[in-house]
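Hi,

Here is the structure I promised to pass on. Please open it next to this email and follow along.

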Amino acid sequence: SLLDQGLSRFLKRFQTYSDAKRTLLIVMTDHGARFSLARQTPQGKLEERLPLMSWIFPSSFAQRYPQALQHFQANLPRLVT
């Protein structure tokens, strides 16, 4: 929660940069929520022990690499180690 506002500001500004149109942005953390009410739910208990990985693709990615995006989407529900 200490970085939420800073990350939010960065992501909003990032969208306005010309480089954002050709940049794949990956946000990773070593664990999920640890200090929120979500942690008190069964899902929250799992997520606090798992890393977070969020991928933000540029809009042109699907047009340039449709097969790569299909593979990525197919792997989303799979456990990959």
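Predicted model: local features only at pLDDT ≥ 70, side-chain atom pairs only at ≥ 80, totals over all residues.

Which strands supply the patch? Look at β1 (25-29) and β2 (52-56): each gives at least two residues to the nonpolar patch. Take I26 as an example. I26 sits in strand β1. Its relative accessibility is 37%, so I26 counts as partly exposed. The cut-offs behind that label are simple: buried means under 20%, exposed means over 50%, and partly exposed lies in between.

**The whole chain**

Now step back. The chain has 4 helices and 2 strands. Along the sequence, they follow the pattern α-β-α-β-α-α. The radius of gyration is 15 Å, whereas the globule rule gives 12 Å for 81 residues, so the chain is more spread out than a compact globule. Along the principal axes, the C-alpha atoms fill a box of roughly 40 × 30 × 15 Å.

How much of the chain is buried? Buried residues make up 12% of the 81 residues. The chain exposes about 7,300 Å², and carbon and sulfur atoms supply 58% of that area.

Contacts along the chain are worth a look too. Take those with a separation of 6 or more: 42% of them join residues 24 or more positions apart.

**One salt bridge**

Next, the charged side chains. Side chains of opposite charge can pair when their charged atoms come close. How many salt bridges does a search of the whole structure find? The search finds 1 salt bridge. D19 forms a salt bridge with R22, and their closest N and O atoms are 2.8 Å apart.

Are these two residues buried or exposed? D19 has a relative accessible area of 38%, so D19 is partly exposed. R22 has a relative accessibility of 64%, so R22 counts as exposed.

**A residue in helix α3**

One last stop. Find A62 in helix α3, which covers residues 61-64. A62 has a relative accessibility of 37%, so A62 counts as partly exposed. Then find K21. A62 and K21 are 41 residues apart along the chain, and their C-alpha atoms are separated by 12 Å.

That is the tour. Write back with any questions.

Best wishes

Terms used
Residues numbered from 1 in each chain as written. Heavy atoms only, no water. Buried < 20%, exposed > 50% of the residue type's maximum accessible area, 1.4 Å probe, protein only. Rg over C-alpha atoms; globule rule 2.2 N^0.38 Å. Contact = heavy atoms within 4.5 Å. Areas by Shrake-Rupley, 256 points an atom, 1.4 Å probe, with all protein chains shown as cover. Salt bridge = Lys/Arg side-chain N within 4 Å of Asp/Glu carboxyl O.
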